[in-house]
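Please keep the structure open beside them while you read.

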Amino acid sequence: MLGRMEGDYDVVVVGGGPAGLAAAIGARDAGAARVLVVDREDEAGGILLQCIHAGFGLHYFQEELTGPEYAERFVARALDRDIDVVCSAYVSGAGLDSDGTRRVRVMREGHGIRTARSRAMVLAMGCRERTRGAVHIPGTRPAGVLTAGLAQRFVNVMGLLPGRRVAILGSGDIGLIMARRLTLEGCEVVGVFELMPFSNGLTRNVVQCLRDFGIPLHLSTTVVEIHGRDRVEKITVAPVGADLAPDLARRWQVPCDTLLLSIGLVPENELSQALGVELDVVTQGPRVSSTLETSLPGVFACGNVLHVHDLCDYVTEEALLAGRFAGELAGGVKRPRDNIRVVPGDNVRYCVPHTLAPGREHTVYLRCQRPLRPAAIRVGDLVRRKLGFVTPAEMITFRIKPDVLDRFHGEARRIDLLGEPAGAHLAGAEP
Amino acid sequence: MSERYDVVVIGGGVVGAAIARELSRFRLRIALLERQAEVGFGTSKTNSGIIHPGHDTSPATLKGRLVVRGNALYDRLAAELHFGFRRIGQLNVALEPADLEVLQRLKAQGDAKGVPGLELWDRARLRREEPNLSRELWGALHAPSAGVINPYELVFALVESAERNGVALAVDCPVTALAADGDGLAVHTPRGVFRGRFVLNCAGVESDRVAALAGAQTFTITPRKGEEYMLDKRLEGLVRRLVFPVPSPKTKGTLIIPTFDGTIMVGPTAEDVEDRDDVATTARGAAAVFAFVRRLCPSIDPRDAITAFAGLRAVADGNDFVIGPTSVRGFVHVAGIQSPGLTAAPAIAEHVRDLLAAEGLALVAKPDFEPGVRAPARFAHLAPEVQEALAARDPRFARVVCRCELVTEAEIDDAVDHGARTLDGLKFRTRAGMGRCQGGFCTPRAMEILARRLGVPLHAVTKRGGGSWIALPMGAEQEA
Ligand SMILES: Cc1cc2nc3c(=O)[nH]c(=O)nc-3n(C[C@H](O)[C@H](O)[C@H](O)COP(=O)(O)OP(=O)(O)OC[C@H]3O[C@@H](n4cnc5c(N)ncnc54)[C@H](O)[C@@H]3O)c2cc1C
Ligand SMILES: Cc1cc2nc3c(=O)[nH]c(=O)nc-3n(C[C@H](O)[C@H](O)[C@H](O)COP(=O)(O)OP(=O)(O)OC[C@H]3O[C@@H](n4cnc5c(N)ncnc54)[C@H](O)[C@@H]3O)c2cc1C
């Protein structure tokens with residue numbers, strides 16, 4: 001029920017984005033009678049609410065929805081299942097009692113500060129954008145330097161434009177989407193500047209958001225100075241060498257009044273850290289077992305708080321699973337612990353989950369370190385599968401059948417990606 | 001508009017603010033004029049925040065004398081005004097054996113000036129007290145009276161105290177002309193003419209230009225830029241005290257600064273610049289800062305920098321403070337207040353008070369002078385039960401505006417009540433936007449509250465006043 005929060009719960013979910021909503025549904029469907037979702041925004045749906053472009057649900061619903069439409073379906077499903085969803089409610093702390101009860105402290109407008117107790121907890125806080133501090137751009141600190149996601153909120157939620165002449169640093173998906181959005185709103189997008197020799201966004205976004213609008217994508221280029229006292233007046237950009245160091249001799253200036261940053265996302269794990277959940281230094285999300293349980297028993301994680309996903313559909317898929325295991329645990333179901341460790345091997349930046357168990361099918365999500373083509377995935381001498389083209393911007397979803405693990409005895413399993421490094425400049429624009 | 005005052009103070013930095021507040025103890029009509037949207041947005045915001053002990057400045061200079069007195073005044077000031085202040089002590093460390101002699105000279109100079117508690121430490125003591133410093137250091141001079149403050153909080157509190165005791169504050173009020181006016185001066189601004197018997201030039205890096213407006217330019221200012229780099233929370237607790245090298249004639253050197261909030265900051269550089277708006281940080285400056293501080297503490301890494309800023313010291317040609325009456329009747333310089341101006345400010349205020357009395361200003365104490373201001377609400381620092389009680393009483397305490405620093409709507413409202421007019425004003429009063437996400441989350445919320453409270457549309461909210469607009473209304477192109 002919308003707005004109800006009372007008594008104790010089987011499962012409490014922190015964050016009401018696509019991950020949180022799907023986790024709650026997964027828990028309910030696994031038999032948890034009382035499920036609560038808490039979100040700090042005024043409405044559930046997470047970051048989807050500001051993604052008014054179409055491009056969601058192609059995998060999960062086999063149809064193309066906007067972000068709010070996709071979110072709406074899950075909110076409706078949650079409410080149908082009598083799940084409690086509270087908004088404008090900020091989880092400011094969480095803990096485990098000595099008897100194993102999980103606690104969250106909820107600050108909620110109009111309701112004061114209350115504690116909700118549960119048998120299992122799902123972390124689904126999503127992620128935040130990296131800011132100027134992460135990239136050390138010398139120069140002044142004027143107004144007009146902001147993250148692409150904040151600009152998206154300005155345009156899609158607040159009815160504001162971030163500026164008139166816009167440069168974008170980083171080729172993350174949000175930046176690409178905003179390049180198109182702002183062009184449609186009558187702004188001039190003067191270029192996207194990407195440090196790496198390949199785009200950090202989905203190929204389809206490079207094509208549909210930049211190429212179709214004639215917006216230049218400058219690969220292997222970065223912003224080396226911001227100018228302007230009160231407001232951005234221009235930026236200096238320069239190409240970078242193989243060591244990523246800018247070649248200042250070849251720098252040039254770009255007049256603009258706005259610099260959007262689309263330089264990556266960071267899982268939002270302050271709450272997890274306060275709880276004592278162990279994090280992976282690469283994903284910056286929790287380390288999880290094949291049931292998406294963190295290092296703390298009864299505390300699960302899914303969605304962008306676990307690792308940054310490319311498509312929302314995979315968030316949903318992962319979260320339904322996390323919710324299901326949380327619901328089962330709350331209902332007293334016990335599973336044997338995992339006994340196989342997944343080790344990222346050649347060309348693999350990370351794998352999630354971190355451990356597996358025999359006897360079940362698993363989905364392992366991984367990302368490569370650089371573009372490869374043709375690529376193949378290899379798990380020891382057990383599996384070898386062709387993938388075609390892979391790039392760090394696109395998550396690789398790898399399903400492992402039970403028989404593969406049943407044939408395996410040992411404690412660690414290494415996953416490698418094989419293939420030739422793909423051509424530097426093509427990668428971003430690969431159809 | 002034309003109003004008559006006993007004293008018109010030009011410049012709402014720490015110096016102007018401290019003087020206005022000191023004079024507000026007496027039956028006087030006082031105006032404080034600041035050209036920016038808020039007070040304290042000049043050099044007084046962009047500095048190291050150190051309350052210097054004073055052993056490193058010669059007693060032959062005015063700044064060298066005022067700094068020790070200023071330092072001593074800080075305990076009472078902090079108790080009255082509730083800005084963040086802590087005496088954490090300072091070390092001047094010897095990077096070479098020859099520096100040890102300099103340390104002895106500094107100690108002798110400090111002892112003679114009455115700097116309390118100076119003590120020479122040998123290498124073993126230094127390693128014990130600060131185990132993360134370089135093992136190559138030869139020894140140190142410890143000055144326990146050194147402190148750190150949040151400088152912007154000090155200025156806000158001084159001005160609030162001054163206003164509460166009757167000082168008229170005008171912001172967005174640049175002084176554009178000065179003219180003789182009876183036995184005083186007329187101060188012209190876009191917001192009207194302020195007539196003052198005494199006019200104080202506390203305009204920081206602009207003080208020579210303001211002097212020129214009055215026809216009393218006896219000095220020029222060379223801005224000396226200092227870049228500072230804030231480091232990731234990962235390094236919190238790395239050093240417990242301020243770490244200085246031995247000073248050079250031009251600067252106190254590049255330092256490691258455990259700020260009042262715990263974050264470690266490194267800097268500043270010292271580079272003379274021409275442009276008085278040049279507060280850009282540079283790749284060169286960063287390289288110099290990190291190369292140097294790594295000699296003091298090898299575990300500091302340039303990649304730990306999370307944000308940076310630069311400030312301009314107002315260096316007058318004599319390299320000392322310029323304080324005193326001028327050939328223009330009623331026009332008084334309080335100019336060239338370079339480092340350690342923050343430390344000296346309360347002492348400068350006393351000094352200027354006495355000087356004005358000597359010039360004929362009658363100082364009659366007000367019996368109802370109220371020295372204190374209320375401590376700002378800081379929800380994040382309260383005990384959980386207190387937080388719960390507050391939230392139960394006032395729903396605004398249950399609405400989180402800034403998630404990184406846990407700032408509630410009630411605190412934002414409180415900051416607006418106390419003069420915040422811009423996003424930076426909110427940030428420096430409440431910390432909203434200072435955390436890890438650097439405003440990604442709170443900017444829309446803070447903009448909405450500011451717009452509502454100021455009765456302006458969202459697009460009229462600025463970062464720090466002037467031309468620092470944040471967003472445009474949609475469809476503005478067509479209108480423009
Ligand atoms: C700008 C943008 C464009 C995108 N475009 C596409 C696209 O075209 N197609 C596609 O498939 N995917 C897209 N994605 C990706 C997709 O939106 C995300 O993968 C998905 O939203 C992640 O879901 P989540 O629930 O993990 O996180 P989020 O959607 O971020 O939800 C997390 C929720 O948790 C809440 N929360 C966090 N901490 C707390 C707390 N302490 N207390 C209470 N609540 C809390 C947050 O307010 C938020 O509502 C896009 C993402 C972004 C950012
Ligand atoms: C990098 C750096 C580090 C420092 N570290 C320390 C330290 O650790 N400890 C210490 O004691 N000192 C330090 N200092 C020095 C200290 O910051 C200054 O001495 C002090 O802030 C000067 O205060 P002020 O009020 O004179 O100047 P400001 O703060 O600059 O105030 C002057 C004000 O006048 C206003 N103004 C200018 N022109 C006009 C006009 N025409 N009309 C109206 N208003 C006008 C300006 O807008 C400004 O607000 C440091 C300085 C720098 C640059």
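1. In this predicted model, the shell around ligand 1 draws at least two residues from each of several elements of chain A, namely helix 1 (18-29), strand 3 (54-56), strand 6 (89-96) and helix 7 (312-330). There are 32 residues around ligand 1, and those that come nearest are A:Ala19, A:Asp39, A:Gln152, A:Asn304 and A:Cys312. Sorted by class, this shell holds 16 nonpolar, 10 polar and 6 charged residues.

2. A nitrogen atom of the ligand lies 2.9 Å from a polar backbone atom of A:Val91, while one of its oxygen atoms is 3.3 Å from a backbone N or O atom of A:Pro18. An oxygen atom of ligand 1 is also 3.5 Å from a polar backbone atom of A:Ala124. On its own ligand 1 would expose 1000 Å², and the protein buries 94% of that area.

3. Helix 1 (14-23), strand 13 (221-231), strand 18 (305-316) and helix 8 (341-358) of chain B each give at least two residues to its shell. Of the 40 residues around ligand 2, the ones that come nearest are B:Glu34, B:Ser44, B:Ile50, B:Ile337 and B:Thr343. The classes in this shell are 16 nonpolar, 19 polar and 5 charged residues.

4. Which side chain has a polar atom 2.7 Å from an oxygen atom of ligand 2? That side chain belongs to B:Thr343, a residue that is also listed among those nearest to the ligand. Backbone atoms take part as well, with a polar backbone atom of B:Val14 lying 3.2 Å from an oxygen atom of ligand 2, and a backbone N or O atom of B:Ser48 lying 3.1 Å from a nitrogen atom of the ligand. The protein covers 97% of the 990 Å² of accessible area that ligand 2 has on its own.

5. If neighbours within four places in sequence are left aside, A:Val13 is in contact with A:Gly20, A:Ala23, A:Ala24, A:Val35, A:Leu36, A:Val37, A:Val38, A:Val122 and A:Ala124.

6. Not counting residues up to four places away in sequence, B:Thr57 touches B:Lys63, B:Gly64, B:Val67, B:Gln109 and B:Lys113.

7. The other residue is A:Ser295, which sits in the loop between helix 6 (270-275) and strand 20 (299-301) of chain A. Its relative accessibility is 36%, and so A:Ser295 counts as partly exposed. Although A:Ser295 and A:Val277 are 18 residues apart in sequence, their C-alpha atoms are 5.7 Å apart in space. Beyond its neighbours within four places in sequence, A:Ser295 is in contact with A:Gly276, A:Val277, A:Glu278 and A:Arg287, and its side chain reaches the backbone nitrogen of A:Glu278 at 2.9 Å.

8. The last point concerns backbone geometry, where most residues other than glycine have a negative phi and most peptide bonds are trans. The peptide bond from A:Arg373 to A:Pro374 is cis, with omega near -10°, and A:Pro374 belongs to strand 25 (residues 372-379) of chain A. The bond from B:Gly267 to B:Pro268 is also cis, with omega near -5°, but B:Pro268 is placed in the loop between strand 16 (264-267) and strand 17 (271-272) of chain B. A:His136 has a positive phi, near 50°, and lies in the loop between strand 9 (127-129) and strand 10 (145-147) of chain A. A:Leu244 likewise has a positive phi, near 70°, and is found in the loop between strand 16 (234-239) and strand 17 (252-255) of chain A.

Note on methods:
Residues are numbered from 1 along each chain as its sequence is written. Chains are lettered from A and ligands numbered from 1 in the order in which they are written. This is a predicted model: local features need pLDDT of at least 70, side-chain atom pairs count only at pLDDT 80 or more; totals for chains, interfaces and linings use all residues. Side-chain values use heavy atoms; hydrogens and water are left out. A residue is near a molecule or strand if one of its heavy atoms lies within 4 Å of it. A polar contact is a pair of N or O atoms within 3.5 Å; within protein, one must be able to donate a hydrogen and the other to accept it, and residues adjacent in sequence count only if both atoms are side-chain atoms. Accessible areas come from the Shrake-Rupley method with a 1.4 Å probe; for residues, only the protein chains shown count as cover. Helices (H or I, at least four residues) and strands (E, at least two) are DSSP runs, numbered from the N terminus. Ala, Val, Leu, Ile, Met, Phe, Trp, Tyr, Cys and Pro count as nonpolar, Asp, Glu, Lys and Arg as charged, and the others, Gly among them, as polar. Contact means heavy atoms within 4.5 Å. Buried means under 20% relative accessible area, exposed over 50%, partly exposed in between (1.4 Å probe, protein chains only).
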